[in-house]
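Hi,

Here is the structure we talked about. Please look it over, then read my notes below.

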Amino acid sequence: MSGKISSVRGMHDLLPRDAARWHVLEEAARVLFTRYGYEEARTPIVEETALFARGIGEGTDVVAKEMYAFADRDGTSLALRPEGTAGLARAYVEHGFGVDDPQQRWFYLGPMFRHERPQKGRYRQFFQIGVEALGSADPRVDAEQLEMAARYFQYVGLSGVELRLNSVGDEKCRPAYREALTRLFLDRFGDLCDQHRNETASKNPLRVLDCKTDRCRAVAKDAPALIDRLCDECNTHWGDLRKQLEGLGVAYTVDSRIVRGLDYYTRTAFEFVLPDGAGLGSQNALGGGGRYDQLVRELGGPPTPGVGFALGVERLALALEAIGKGERHGPDLFVATQGPEAEGAVLQIGSTCRTAGARVEVNLRKANLGNQLRRADRQKATFVVVIGAAELAGGRVRLKRLATGVEEEVALADLGREVVSRCRAADHNV
Ligand code: AMP
């Protein structure tokens, strides 16, 4: 067999030209989330299918239609994880945290898989950065987490991200609400979109509320809001959360259509949206999350409340790209060579500069000076030096800043330090 093999539809390579933006996003998570006491946990990409069926809900689109499930060699049904929370909750139960040390704050980073129709901002393999705070039902935990998210967007340079907030109640107040919705939707059955007419209107009427079709939207406009029908406990939680957010200065809008696509949510539910799309088109939700006070128990652990969110890395990266942020860094220094003496010395020069902390590319090609300088340009090097026999003999080099063409003479022995002090000083000024 011959011929080209391409990547799987909806699954993409991350190439070096885009990796810098991902590093910004990942590094910001590590720096900021640890400031709030979240520690990294990594769970396997493959879990038993039953985990997602039980945790996320058999009737959800994610599980019923989008999951990559397959039989292992022994026949066990396994699935590529479609999201991160179920796996983390499984690990929490499996390692006995619920009993020994219930208050846990974890964050994670990694690929998720959903067999969706690919389009810009929606893929079949995509990466999420997420957090989970387990072991507390206190609305201040939700508020602190939402403040952390707002700080994250600010830190990576994304402004204008809106927090849309809702409460989806709990097992006490939601059933009556679902009934009211079911009555409305059965009444207006003919007005719903095909998908929701056929399967959801009675089984999971909440799903109609976040349907994007004009038909469902028109019907959903007439639906009552759950926040007007919360039970006392949920209502207190909702009121306290809002008070805390206001105290912290975290802006939000109440959006009763935010119900989220997974079954495990209770009370707090939210999404982070870039309203005008800013580079994202229709896939303008950067992330979402909420409270899931029943999930750990559903998975066989002790009753343990939790709250978390997940951000879509590809969408964050697209949003950064649209505003020109997180561009790839070139090397600090490109060392061009002229003549055999320089060719013989250039590895040593590069090595010494790297010891000083500089990011260096040295010319190792048999190329004329023009070609070498073109390469330095293409690589977006900040500085370039040309080393020949005279520079080696005199111990002095001309350090040229490519963006301005300005040259300065420095001692060859200090080259690395000179470059680092200029490049890092510039970094601090940004
Ligand atoms: P969810 O787990 O569905 O709540 O999604 C949380 C976030 O993950 C969304 O707001 C998106 O930013 C991202 N996301 C979800 N599904 C996809 C997908 N198929 N492709 C790219 N990003 C996604």
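Two strands pair if DSSP finds at least two bridges between them. Strands (E, at least two residues) are DSSP runs, numbered from the N terminus. Note that this is a predicted model: local features need pLDDT of at least 70, side-chain atom pairs count only at pLDDT 80 or more, and totals for chains, interfaces and linings use all residues. Residues are numbered from 1 along each chain as its sequence is written, and side-chain values use heavy atoms, with hydrogens and water left out.

The sheet

β3 pairs with β4 (residues 77-80) in the antiparallel sense, over three bridges. Phe70 has Leu78 in β4 as its bridge partner. The open sheet has three strands, ordered β2-β4-β3, with antiparallel pairing. β2 (46-48) and β3 (69-71) are at the edges with a single partner strand each, so one side of each has no neighbour in the sheet.

The ligand

The ligand is surrounded by 14 residues (near means a heavy atom within 4 Å). Arg114, Glu116, Tyr123, Gln128 and Arg260 are the closest. β6 (125-134), β10 (285-291) and β11 (306-312) each supply at least two shell residues. β10 gives the most, with three.

Now the polar contacts (pairs of N or O atoms within 3.5 Å). A backbone N or O atom of Tyr123 lies 2.8 Å from a ligand nitrogen. For Ala285, a backbone N or O atom is 3.0 Å from a ligand oxygen. A polar backbone atom of Leu286 is 3.1 Å from an oxygen atom of the ligand. Taken alone, the ligand exposes 480 Å², and the protein buries 90% of that (Shrake-Rupley method, 1.4 Å probe).

Best wishes

Terms used: Polar contact = N/O pair within 3.5 Å; in protein donor to acceptor, adjacent residues only side chain to side chain. Helix = DSSP H or I, 4+ residues; strand = E, 2+ residues; numbered from the N terminus.
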